[in-house]
Amino acid sequence: MEALLAGEAAAVEINAEKPRRGFFEVRVRGGATVVSLGPLKRPFGPLRELDLEDVAEDVKAALSK
């Protein structure tokens, strides 16, 4: 994800808060949620199908607000 956002004014934090079990979320400053998946069960199909380039574009859009 960091490589996709290279050059953007973004700081990456991993698990700033205790994560909820079985959830995957991407948030930007102010706590705005860009992606939220869950509860996920193995083998995590929705997470595997997630297009990180699309998520990076959504993060860029959320940061520009």
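Phe-44 lies in the loop between β2 and α1, and in this predicted model its phi is near 60°, a positive value in a residue other than glycine. Most residues other than glycine have a negative phi, and most peptide bonds are trans. Phe-44 is partly exposed, with a relative accessible area of 27%.

The loop that holds Phe-44 is also the place of Pro-39 and of Pro-43, and each of these prolines takes part in a cis peptide bond, as the table sets out.

| Peptide bond | Form | Omega |
|---|---|---|
| Gly-38 to Pro-39 | cis | about -5° |
| Arg-42 to Pro-43 | cis | near 15° |

The strands are β1, residues 24-28, and β2, residues 32-37, while helix α1 covers residues 45-48 and helix α2 covers residues 52-63.

Helix α2 has 12 residues, and the distance from its first C-alpha to its last is 16 Å, close to the 16 Å expected at 1.5 Å a residue.

Which residues of α2 are buried? They are Val-55, Ala-56, Val-59 and Leu-63. These residues cover an arc of only 100° around the axis, which puts them on the same side of α2. An α-helix has 3.6 residues a turn, so residues three or four places apart point the same way. What covers the buried residues of α2 includes both β1 and β2, with contact here meaning heavy atoms within 4.5 Å.

For the protein as a whole, buried residues make up 15% of the 65 residues, where buried stands for a relative accessible area under 20%. Among contacts between residues at least 6 apart in sequence, 44% join residues at least 24 apart.

Two further points concern the aromatic rings. Arg-20 lies over the face of Phe-23, at 4.1 Å from the ring centre. A pair of aromatic rings is described by the distance of the centres and the angle of the planes. When ring centres have to lie within 6.5 Å to pair, the count comes to zero aromatic pairs.

Conventions:
Residues numbered from 1 in each chain as written. Predicted model: local features only at pLDDT ≥ 70, side-chain atom pairs only at ≥ 80, totals over all residues. Heavy atoms only, no water. Helix = DSSP H or I, 4+ residues; strand = E, 2+ residues; numbered from the N terminus. Expected span 1.5 Å × (residues − 1). Buried < 20%, exposed > 50% of the residue type's maximum accessible area, 1.4 Å probe, protein only. Arc of directions from axis to C-beta. Phe/Tyr/Trp six-rings, centres within 6.5 Å; stacked < 30°, edge-to-face > 60°. Lys NZ or Arg CZ within 6 Å of the ring centre and 35° of its normal.
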